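The following note sets out points for a colleague to check against the structure. Please read it with the sequence and the model side by side.

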Amino acid sequence: MVCSKKGLLVASVAAGLSMLSSVHAQGTSGVYLVEYAQGQLSPSVLSSLKVIGRNGNNYIAQGHLSAQQVAGLEQTAGVVLEQDYGLSLSNNSLDYLRNSSHSLETLNNSELEPYWLRATGINNLPVALNEIPVCIIDSGVDSEHPDLPNNINGYHSVYSGFWNQDALSHGTHMAGIIAAQGNGIGVKGALSEGVARLQVHKLIRTAHGKNSSITGGSLIEAIEVCANAGAKVINMSLSGDQYSPMTMSVIDRLTYDRGVIFVAAAGNHGSQIKKWSGVHDDTLHYPASYHNVLSVGALDTNGAVASFSPANQEIDLVAPGSKIISTANRSHYAVQRVTIQQGAMAEESLTYTQIDLGVHSQSMQAALPQQCVYTLSTADAQQQITTHALSYDTRVALNNAENSCKSAGGEVMIVNYPHSTVGLVRGLDHYTEFPTLLVHQMPNVSDFSNVTIKLDSYHSNYVVGAGTSQATAIISGGIARLWSQNPQWSRTQIINAIKETSYDLGTTGQDNVYGHGLPNFAKALEYLHAGKTPACPQDWYQNKPYSGGEQVTYNGIIYTAHYWNKNLSPAESPAMWQAEGECDTSNSSHSTPTDGGYSILDFSGLEEEEVSYSCKGLSLMCSGGR
């Protein structure tokens, strides 16, 4: 038997410890995650921290610590210190261009049944009978979108603002995939009929502006809030390459204590060339690669693995992730193209990053007064690159420059920097609702009296997306609809049924490209109704508590627990475990394309139209190719 995902987590833990050692400089000030027991920390340290989660009886807190505080905590027995880390919404594309033959505007008056509903068998499931709350940890949701359900609630956070505002449309896109309603307009989501309840925890405020980055501490807090609000499925279409023991411990606890199913995007860092070469060792991304998280890859519209989908030993499932039409934030204007013209000279295209909220950036052609161009100093640019922040004085100067621009009659603010000396500045620690662009190489302008800037923007109620983000939302929605048929089923029963009945699209059995394959949720329902159990119990996992009588598989052998235990491996703890014999993998019930014809995987539909994705970037905002 091949050890499946995360059974022992040896490779993951080793990789994680390696990454931690590379980023954790002893005694360095910065933002940290701290795990501690009551009474271990001094009042001065506690005043710097905010409790965001739990690990057993210990607290997990986040805060900015001085070098002296860090050095002291490193010497305190029993305290675990972890430098906070960054994540991003999975690199993705949302297409805001009007389609030539099938305009997305037609969806305001007609309804599309997306191809992925058929490809996954979701369309053959009964309506959602019982409420299975799904929490979307993302960029917020346009909660008043006419195609989304009424039962949406959320959490306002101090670092990202109101949950029902979505400057990126990413969270709104996920919400539509999961729960767009069958109401005669737009698209249908997985929970289009019956009961649908969404919770939203917002992690990003603007495209690349202030608080646009996602920290590990914020993710932990979001997970805790989602679980405490009753979520049974938590969708995380975000990823980063740093392993975090604290984040994993929170996920493990909520998995076993609350029965939550976590679903996350595997990332969009796959290589087509490596796949062609048979090399399937793409970097592990988290939270997808944690033991108790379903890591989701993406398929293209031909049913093959998408070029961007990563291949590694942690992939659990795949789902359609190309040309996915779903809901968008109705007030979000994405800048498509920016040009500048000096007098009678030819137009020059600018490379840029959109900084504003995207709510006022309509297409425009306007004069560009000199007051509307602000140049960062070399020190400012270097500080932004290294710390992702600007000084207070610089942010005040930017606000003053914006006011001067408005007074001069300007309609867009340009921020540039000495690109040749500092390299690329990808974002800006600046919050604004005024159209603002970070320009990566500003042309020389000697006379601003005759300079014109032109912005081409677009927005729609619906957009096309591509990425493992979309595939993740499809799996989350399918799980919620399947589980709604009987909320008494456990998370283990649900996951086993999905894996046992998935279409085995790669090499026989679980593989690094397709995982267990493409779920067929209708077959999973049949499996559950039949009361089937897997031929082999789940692999033993070091961070899971086991009760007496519970069975696991360890190194190909089935063991039964004598008593309650945790972190005691079956092979090394005979007093706690009884060996029962070898695990039998010969009667796997995986579906394959041959059992019903590959035509079952119906990828046809409006989404087949060729479109070009022009809004690329980790934050999903158009960035002029950056």
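What percentage of the 626 residues of the protein chain count as buried?

1. The model is a predicted one. In the protein chain, 57% of the 626 residues count as buried. The accessible surface of the chain comes to about 23,900 Å², and carbon and sulfur atoms account for 48% of that area.

2. The secondary structure of the protein chain consists of 14 helices and 31 strands. If contacts between residues at least 6 apart in sequence are considered, 77% of them join residues at least 24 apart.

3. The unreviewed UniProt entry places the feature "active site" at Asp-138, His-170 and Ser-469. These positions span 332 residues in sequence, but no two of their C-alpha atoms are more than 10.3 Å apart, so they gather at one spot.

4. His-170 is found in helix α5, which comprises residues 170–179, and Ser-469 is placed in helix α12, residues 468–483. His-170 is buried, its relative accessible area being 0%; Ser-469, at 0% relative accessibility, also counts as buried. The side chains of Ser-469 and His-170 make a polar contact at 3.1 Å.

5. A search of the whole structure finds 3 disulfides. One of them joins Cys-135 to Cys-226, with an S to S distance of 2.0 Å. The torsion about this S-S bond is about -50 degrees, so the disulfide is left-handed. Cys-135 lies in strand β8 (residues 134–138) and Cys-226 in helix α6 (residues 216–228), so that the pair links distant parts of the chain, 91 residues apart. Both Cys-135 and Cys-226 are buried.

6. Another disulfide is formed by Cys-372 and Cys-405, whose sulfur atoms are 2.0 Å apart. Here the S-S torsion is about 90 degrees, and the disulfide is therefore right-handed. Cys-372 sits in the loop between β22 (364–367) and β23 (373–375), while Cys-405 belongs to helix α10 (residues 392–407); the two are 33 residues apart. Cys-372 counts as buried at 0% relative accessibility, and Cys-405 is buried with a relative accessible area of 0%.

7. Cys-536 and Cys-583 are also joined by a disulfide, with an S to S distance of 1.6 Å. Its torsion of about 140 degrees makes the disulfide right-handed. Cys-536 lies in the loop between α14 (521–529) and β28 (551–554), and Cys-583 in the loop between β30 (577–582) and β31 (616–617), so the pair ties together parts 47 residues apart in sequence. Cys-536 is buried, with a relative accessible area of 15%; Cys-583 counts as buried at 12%.

Conventions
Residues numbered from 1 in each chain as written. Predicted model: local features only at pLDDT ≥ 70, side-chain atom pairs only at ≥ 80, totals over all residues. Heavy atoms only, no water. Helix = DSSP H or I, 4+ residues; strand = E, 2+ residues; numbered from the N terminus. Buried < 20%, exposed > 50% of the residue type's maximum accessible area, 1.4 Å probe, protein only. Contact = heavy atoms within 4.5 Å. Areas by Shrake-Rupley, 256 points an atom, 1.4 Å probe, with all protein chains shown as cover. UniProt positions renumbered as here; feature names shortened; annotations may be inferred. Polar contact = N/O pair within 3.5 Å; in protein donor to acceptor, adjacent residues only side chain to side chain. Disulfide = S-S within 2.5 Å.
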